[in-house]
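Visitor: I have a model open here and would like to talk it through. Could you start with what packs where?

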Amino acid sequence: MFDKTYRQRLEADLSQWEADGVIAPAAAASIRNVLPPLSPGINIAVVVGIVGGLLIAAAFLAFVAAHWTEIARLMRFAILIAGMVVAGGLGAWFAATGRTVLADLCASIGAIIFGAGIALVGQMYHLGDDFAGGMLLWSIGAFAAAMLTGSRGALTVALVAACIWTCMRIYNTPDVLHLPFVVVWLIAAGLALAWNSRVAAHLVAIAVLPWWIATSLRFDFDAAQPSFVLANGAALLFGAGLAIAAAPSPRALRLGSVLSIYGAFSLAIVAFLEVTTVDDIIRFRTGTASAQPLWAIVCGAVGVILALASAGITRRAGEILAACAIGLVLIAAPIWPASAAGEPWFAYAALLCAMLCLVVSGMLDDVRPRIVAGWLGIAGVIAGITWAVKGSLLRRSAFLAAAGIVAVAFATALNRALPRAER
Amino acid sequence: MTEMIASVTKLWQRIPKAVLFIVAILIQCVLLVLMVVDRVQILRDGREVTLQTQPVDPRDLLRGDYVVLRYDISQLAAGALAGKPAAERDAVVFVKIAPNANGLYEAVSVHAEPVAVTAPEVLIRGRVAYSCGSAGRTFCDRLTIKYGLESYFVPEGEGKKLEQARNQQKLRVVAAVLPSGRAAIKRLLLDGEPVYEEPLY
């Protein structure tokens, strides 16, 4: 889809350069010849087909929920099995004839009907007490389909079911870290690596977020601050993503860069959350208990170490700044209670510096999503400091003015120090 | 490492796609059949016990198309277990039940581990819904226990009838219980007459 847009732009450029005499017609022709043929991709008919397939899959789910007793339950079960077999059969045929998108769709529909089958068996035998267990079973079946058929859709179904499973388990037993999800997630990450698929990498990156968020919000901490625990998770995701991307393999580069992008955005969101929520936890300011459990601190520290290790391997200055950004967000937690009587100015300054580091890191490494994440973080932190309904607005105004003057002075110094080409 | 991944990928690509699709569907079918077999085993081999249902808040009764069931044995005094540490947050317990003069099974005692029973007593396994203590790992004085018999799925629009009967204490449940304590709903009795019989398949 995006390749087509690139080709159109390249064709327009080639025509323009030919007309301007920048390149010879022979050079333009050889450029055109060296390009591989465009893959058929997804046309409108396929899009409509995908919608139709998803509607049929949803119909199976609704059919089970309707509990239509005019059809014997064994017959209903047989209908679902037949649906799975037909979906699998069609998928095999599409795969054999090279129509990979439709084959993927069929595997996804099969995985959804499998879920409807679990619901039907639960309904037949009145299994209403362990919804999470049903989700785990659905996830296992969909994972099997994804592994065997290479279906991104089945992987989506598997990860969605796994996320529901882990969130329910965390809710039910908030005093235990739900580590089995990590195993499931690592399997999914392994698939994304093996497939060398950007879509799968995005799915894997998205899937880790509900688990970490649920853990941070629900886990039984004494006086812990969820946004600090979230920050440690974002740090680990960002650092691990950079380290994976630094490995000498194009597969690792693809997976790692996607993970690091999600890590960068998570870090920016967490910085905003810290500014807006931490002061509300009064007991944290007055209590003696740690604001973050040890395992979370270790995760954050590992994130910084991995980012530095990645910088050491790739020799990219931007990654050193990324490690600084992660470190500064993490440092905000211990320095927050230093000014329990007033405002946490140092913590605010650390977060602002962290987001600035993120922007510059993205600029140096030429990673646009990281730049966007950094800008969003800066906007969020400034908005949080400016409009937080607490403390003295006059002091906040003075802090923002001082921070602004420091930034302008720093910019002036940089402008003089750097050679003109690097500005 | 990269070479190994490449060779595994090559080997994988040699397997016909159709075979992989068939294996995927087979695995899913096997998982579904295993679920069915597990429940059929309880219904076929389990010993029948009749339990009295209790009315609960009507607003919670009909959620979509299922009826929430509570039993006389859902709320029990912990007895010797009260205040003792539990192995986990929602600990598994074993309730010894025995029939009364009306043939309805009532709780005799609650245990943290399986205990020997003599006929007509039956041991049913449940899970404590709420625990006491700061970490939730202590048995409370009164235990709310779930046996996996708390939901009864009904055809669209039929929940209300059962809900009313249950609130009038006219609804009873016959459950099949395996020696291991695992239970499944076998049939529903309305005024002593079977209204819903659960076939094995």
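**Packing around a helix**

Guide: The buried residues of helix 2 of chain B pack against helix 4 (73-96), helix 5 (100-124) and helix 6 (131-149) of chain A, and also against strand 10 (171-177) and strand 11 (183-190) of chain B. Helices (H or I, at least four residues) and strands (E, at least two) are DSSP runs, numbered from the N terminus. A residue is buried if 20 or more other C-beta atoms lie within 10 Å of its own, exposed if 12 or fewer, and partly exposed in between, with C-beta atoms placed from the backbone. This is a predicted model, in which local features need pLDDT of at least 70 and side-chain atom pairs count only at pLDDT 80 or more, while totals for chains, interfaces and linings use all residues. Residues are numbered from 1 along each chain as its sequence is written, and chains are lettered from A and ligands numbered from 1 in the order in which they are written.

Visitor: Which residues of helix 2 of chain B are buried?

Guide: Among them are B:Leu20, B:Phe21, B:Ala24, B:Ile25, B:Gln28, B:Leu32, B:Met35 and B:Arg39.

Visitor: And how many residues does helix 2 of chain B have?

Guide: Helix 2 (residues 17-45) of chain B has 29 residues, and from its first C-alpha to its last it reaches 42 Å, close to the 42 Å expected at 1.5 Å a residue; the expected span is 1.5 Å times one less than the number of residues.

Visitor: How many residues does the contact take from chain B, and how many from chain A?

Guide: Chain B gives 37 residues and chain A gives 35 residues, where two residues are in contact if their C-beta atoms, placed from the backbone, lie within 7 Å. The largest share of the side of chain B that touches chain A, 16 residues, comes from helix 2 of chain B.

Visitor: Changing topic, how many helices and strands are there in chain B?

Guide: Chain B has three helices and 12 strands. The radius of gyration of chain B is 22 Å, well over the 17 Å that the globule rule gives for 201 residues, so chain B is more spread out than a compact globule; the radius is taken over C-alpha atoms, and the rule is 2.2 Å times the number of residues to the power 0.38. Buried residues make up 30% of the 201 residues in chain B.

Visitor: What does the domain assignment of chain B give?

Guide: It gives domain 1 (2-41) and domain 2 (46-197), with bounds that come from an automatic or database domain assignment. The C-alpha centres of domain 1 and domain 2 of chain B lie 39 Å apart.
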